[in-house]
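Please find below a short note on the model under review. The points are set out for reading alongside the coordinates.

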Amino acid sequence: GMRRVNSGGSFAAFNQDQGSQRGGGGGGGGRRKSGKDRSRSRDRRDKSSERKSATRAAMEASAAEAAAADTPAEPTPAPAAAPKKDYPPPEECGKKAANALKEYFVAGDADDCVLTFHEIVGAGAEGSSERGAKAVEASVLLVLERKAEEVEKFLEIGLRCVKEGKLEGESVRVGLNDPLEFLSDIAIDAPLATDHLVNIVAKFIGAGALELGFLTEAPEYFRTDGKAARFAGKVMKASGEEALGSDANVEVVEKLMTEDDRKEHSTAKELLASL
């Protein structure tokens with residue numbers, strides 16, 4: 001038996017504090033390179049583009065005046081330099097994401113919730129995949145213990161963020177590690193948790209944020225003790241005919257089968273047929 005990182009009872013406490021103080025989570029918090037040189041060259045770029053815009057505006061204005069003296073030309077505003085944004089640290093992003101979701105469950109403003117995710121994650125900015133991972137992790141841990149309709153509401157937000165480029169696939173993959181690792185503990189108190197997580201994984205795969213094979217890289221405890229092969233099979237069933245017929249997917253189930261699985265089912269196809 002493997003030694004567990006976290007077990008049953010302490011999970012409730014963990015879930016209370018969405019920040020999960022478990023050793024740093026999704027990878028080495030973005031160490032910043034000195035931003036001075038970068039911001040200096042950014043300033044130079046901004047200034048030269050402002051100069052260009054101003055010159056262009058002047059030229060356009062005089063051309064317009066010549067063409068139609070009675071229509072005053074509108075000056076083209078120079079683009080504002082984007083302010084350098086400070087993002088919250090990953091743990092803080094997790095808390096903010098969970099709070100934004102709770103608010104959404106009550107108030108129902110999807111745009112507002114998507115905007116919060118966008119503002120705390122800053123997809124593409126330095127460290128965004130760690131921030132996004134914590135936002136996904138905290139959100140999923142929150143809804144695993146809730147009703148199916150709240151899972152759907154989270155998916156509405158999460159899938160929209162993926163589609164609009166506000167959440168990276170890497171964030172989704174890493175953010176699902178803890179939920180997968182602790183699923184068997186969570187399911188003791190929240191019997192629907194497995195179905196919820198199957199649904200979540202299937203939907204993110206459907207949106208192109210993940211492939212089923214990511215489960216073969218999931219935390220070891222999930223792969224040894226989390227009925228991972230059955231979980232993958234359920235995700236395939238939830239994803240429809242095409243997923244069930246995919247050889248690559250069947251291979252993933254085959255890889256995830258433990259010795260115990262093989263005592264019951266000699267092949268992945270047999271295991272799939274039993275679900």
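Predicted model: local features only at pLDDT ≥ 70, side-chain atom pairs only at ≥ 80, totals over all residues.

1. The largest nonpolar core comprises 63 residues. Within this core, L176, L197, I200 and F231 have the most contacts. Helix α5 (residues 128-144) supplies the largest share, namely 8 residues. Both domain 1 (86-210) and domain 2 (212-274) contribute to the core, with at least three residues from each.

2. Which residues does F231 contact, leaving aside neighbours within four places in sequence? Its partners are L180, L183, T194, L197, V198, V201, L215 and F222. One of them, L197, is itself listed with F231 among the core residues with the most contacts.

3. F214 lies in the loop that connects α10 (193-206) and α11 (220-225). Its relative accessible area is 7%, under the 20% cut-off, and F214 is therefore classed as buried. Residues up to four places away in sequence not being counted, F214 touches R173, L176, L180 and V201. For the pair F214 and L176, the C-alpha to C-alpha distance is 9.9 Å, at a separation of 38 residues in sequence.

4. Helices α12 (residues 228-239) and α14 (residues 247-256) pack with their axes 7 Å apart, at an angle of about 160°. That angle is over 145 degrees, so α12 and α14 count as roughly antiparallel. On the α12 side the contact is formed by A228, A229, A232, G233 and M236, and on the α14 side by N249, V250, V253 and L256. The crossing of α12 and α14 is left-handed.

Definitions and conventions: Residues numbered from 1 in each chain as written. Heavy atoms only, no water. Core = buried A, V, L, I, M, F, W, Y, C linked by side-chain atoms within 4.5 Å. Buried < 20%, exposed > 50% of the residue type's maximum accessible area, 1.4 Å probe, protein only. Helix = DSSP H or I, 4+ residues; strand = E, 2+ residues; numbered from the N terminus. Domains from an automatic or database assignment. Contact = heavy atoms within 4.5 Å. Axes fitted to C-alpha atoms, helices over the stretch in contact; angles between N-to-C directions. Parallel < 35°, antiparallel > 145°, perpendicular 65-115°, else oblique. Left-handed = near helix turned anticlockwise from the far one by under 90°.
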